[in-house]
Amino acid sequence: MGSTNSTLLKIPNVEVLMQETGFSPAHIIRLHDRFKALDKEGRGHLCPQDFGAIKELAMNPIGDRIIGAFFSPGKEMVDFHTFVKILAHFRPVDKDRPKEPNSPELINSRSNKLKFAFQLYDQDKDGKISRDELLKVLRAMLGMQVTEEQLESIADRTIQEADLDRDDAISFEEFRKSLEKVNIDHKMSIRFLR
Amino acid sequence: MESYLFPFDSLICMLLGISFTVWFTLLLVFIIVPAIFGVSFGIRRLYMKSLIKLFEWATLRMERGAKEKNQHLYKPYSNGETLKRSLRGGAEPEFDMSDIFYFCRRGVESIVDDEVTKRFTAEELESWNLLTRSNYNFHHISTRLTALWGVGVLIRYGFLLPLRVTLAFTGVGLLVVLTSVVGLFPNGRMKNYLSDKVHLMCYRICVRSLTAIITYHDSENKPKNGGICVANHTSPIDVIILASDGCYAMVGQVHGGLMGVIQRAMVKACPHIWFERSEVKDRHLVAKRLSDHVADTSKLPILIFPEGTCINNTSVMMFKKGSFEIGSTVYPVAIKYDPRFGEAFWNSSKFGMVNYLLHMMSSWAIVCSVWYLPPMSRMEGEDAVQFANRVKAAIARKGGLADLLWDGGLKRGKVKEVFKEEQQKLYSKVLVGSTWTLSGCSAALNWPLPEPAQTEL
């Protein structure tokens, strides 16, 4: 099946990528294969339609938001580096890695995982989850299965519990605080195969 | 100087001569003669058991190596994290900001690897079978393990591969020659009898040439004349595996080259159904020829693979309905390969046929199980598609394969909104408080839970 090294050499700046994301060579190759498989027209970058072609993602209630997380505002293309960097958020935390005091924060740190989840709620990127944005997410996840009143009561209750400075919106800090006890590593990590 | 070398020369010649004779005698006695009579010495099963022990040892070594370096050994993933568990399992489940994580994670998982493409790539293993092509933990191999792997390479490429290639040529050659000979006989019982024997013998030699260790279950349900045998398709080898235990009429396109020679020879001995390329497009013609064949009970049962493409043997994709419209008895057969010994799946987009055969013949062995299911017929009021799905479900259940809704041809249609709705329903039910569990919903949706399909031999 060819040596792994030859595939690695074809990817530009792969050393930097591995360093920043913490993926092993085998993972990078696997992700590269996947990237190429998604990039059906072989353009070297992905556009939102390529993501949309993934059936399971299209079935996901928040599929569009997840796709949106890959594309920074104004950009319509995702290259391999960005693809890998975003997926790096979902790497399990390396428990045994010693904390170097001056090293930059890892992409898959708890804080960064939370930031990723936060942006799924905060679509206008103003740093706060407004009541409206919360309602939109709830509607996406629940569809037509609950009434408008039920939705509003859920939203109200959530904001009441999490909103500490009473500005009727949830900031990132309040978000983080409300999820203190949650095992983020478990919920926001996937095992990368191969 | 010359006279000095002479004795050595003749000595070497003599040794070579003797070793060739010994080699061929062994081949004949242990492989070809049993193939003719359909008996087995049990050597292959012994071989298989020793291999299993070896693989377990190899995996343990790698795990030990990984622990020493304080790293994780990446194993096939089976996070059965259900929706119910991931929400707070209290009496009154409430919405939590973290509920979005479940959907987010599943979304990213599908970006990295969705169920459909997973079905098309080779299955990933729990233990290492000393084949580099299936190892994902390169940096955990100790020197001892590398040495073992090296020995394995020598054995596989130096000993097993030439042996198998010789056998393969013998098998195919005999098939062509003998079927042509049988074709000279006048039509009648004698001819049919001889043709059966000849086909069986040659397929058995081919089976040995792949070192295929096959276990047949429920042979009382073997397909009979006038029926259609339907099986799931993983590799071109499926044909050889089934045909070495029973006689079938093959269906296929006429090829050129070596395949064409084989096809023409086979059809002399007993009626197979070969279509010209142009005829394949005409569905009515195809259906007519198949029906005619099936109506004649003196002819052998037809062997068809309705999936139409090679799936990686962890699931059974949508069956194409053509073969189910004909209206005769269908004999389903489930084939499941044990991936520990060699990956039988043919990814035709990645490897060509010759490459694939080389892989096959340089693996340790091909181990598989075949289950003959009881015959099924189309019921009153059932159309071809429903019948096809019923047969497919039976095959999937028997072989322990996941029954998937997706079409093997991967039609690029719009995903039905109904699937999204089902997910929303699921989530709302958990939130509002209900006794539905994820597994219950999965069964209803025909949606496979993420877990590796285990085989029992």
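Arg34(A) is buried, with a relative accessible area of 7%. This arginine belongs to helix 3 of chain A, which spans residues 25–38. Its side chain crosses over to the other chain, where the side chain of Arg34(A) comes to 2.7 Å from the backbone oxygen of Ile111(B). The model is a predicted one, and everything below is read from it with that in mind.

Stepping back to chain A as a whole, its secondary structure amounts to twelve helices and two strands. Read from the N terminus, the order is α-α-α-α-α-α-α-α-β-α-α-β-α-α. Chain A has 194 residues, and 50% of them count as buried. Among contacts in chain A with a separation of 6 or more, 56% come from residues 24 or more positions apart.

The buried ones are Gly63(A), Arg65(A), Ile66(A), Ile67(A), Ala69(A) and Phe70(A). What do the buried residues of helix 6 of chain A pack against? Within chain A, the partners are helix 4 (48–52), helix 5 (55–59), helix 7 (80–87), helix 8 (110–121) and helix 9 (131–142). Chain B joins in too, through its helix 4 (99–112).

Aromatic rings turn up here as well. Phe70(A), one of the buried residues of helix 6, is part of a cluster that ring pairs build from Phe35(A), Phe51(A), Phe70(A), Phe71(A), Phe80(A) and Phe83(A). Over all chains, the structure holds 13 aromatic pairs. Phe118(A) sits in helix 8 of chain A and Phe175(A) in helix 11 (residues 172–178) of chain A, so the pair ties together parts that are 57 residues apart in sequence.

The UniProt record, an unreviewed entry, places the annotation "domain: EF-hand" on residues 109–144 and 150–185 of chain A. For residues 109–144 of chain A, the end C-alpha atoms are 36 Å apart, and the span is 67% helix and 8% strand. For residues 150–185 of chain A, the end C-alpha atoms are 31 Å apart, with 61% helix and 8% strand.

Turning to chain B, strands take over the story. Strand 2 of chain B, residues 228–231, is covered on both faces: Ile228(B) and Val230(B) are buried on one side, and Cys229(B) and Ala231(B) on the other. In a regular strand the side chains alternate between the two faces of the sheet. Strand 2 of chain B pairs in the parallel sense with strand 5 (residues 302–304) of chain B, over three bridges. There, Cys229(B) has Leu303(B) as its bridge partner. Strand 2 of chain B also runs parallel to strand 7 (residues 330–338) of chain B, joined by four bridges. In strand 7 of chain B, Val230(B) is partnered by Pro332(B) and Ala231(B) by Val333(B).

How many residues of strand 7 of chain B are buried? Nine of the nine are, so strand 7 of chain B is largely enclosed by the rest of the structure. One side carries Val330(B), Pro332(B), Ala334(B), Lys336(B) and Asp338(B), while Tyr331(B), Val333(B), Ile335(B) and Tyr337(B) are on the other. Strand 7 of chain B pairs with strand 8 (residues 366–372) of chain B as well, in the antiparallel sense and over six bridges. In that pairing, Tyr337(B) stands opposite Cys368(B) of strand 8.

As for cysteines, the structure holds zero disulfides over all chains. Cys202(B) is in no disulfide, and the nearest cysteine sulfur, belonging to Cys206(B), is 7.1 Å away. Cys202(B) is buried, at 1% relative accessible area. Cys104(B) also counts as buried, at 1% relative accessibility.

Finally, the unreviewed UniProt entry gives the annotation "transmembrane region" to residues 20–43, 141–159, 165–185 and 356–373 of chain B. Residues 165–185 of chain B are 90% helix and 0% strand, with end C-alpha atoms 31 Å apart. Residues 356–373 of chain B come to 33% helix and 39% strand, and their end C-alpha atoms lie 29 Å apart.

How values were computed:
Residues are numbered from 1 along each chain as its sequence is written. Chains are lettered from A and ligands numbered from 1 in the order in which they are written. This is a predicted model: local features need pLDDT of at least 70, side-chain atom pairs count only at pLDDT 80 or more; totals for chains, interfaces and linings use all residues. Side-chain values use heavy atoms; hydrogens and water are left out. Buried means under 20% relative accessible area, exposed over 50%, partly exposed in between (1.4 Å probe, protein chains only). Contact means heavy atoms within 4.5 Å. UniProt positions are given in the numbering used here, feature names are shortened, and annotations may be inferred rather than shown by experiment. Two strands pair if DSSP finds at least two bridges between them. A polar contact is a pair of N or O atoms within 3.5 Å; within protein, one must be able to donate a hydrogen and the other to accept it, and residues adjacent in sequence count only if both atoms are side-chain atoms. A disulfide is a pair of cysteine sulfur atoms within 2.5 Å. Rings of Phe, Tyr and Trp (its six-membered ring) pair if their centres lie within 6.5 Å; planes under 30 degrees apart count as stacked, over 60 as edge-to-face and the rest as tilted.
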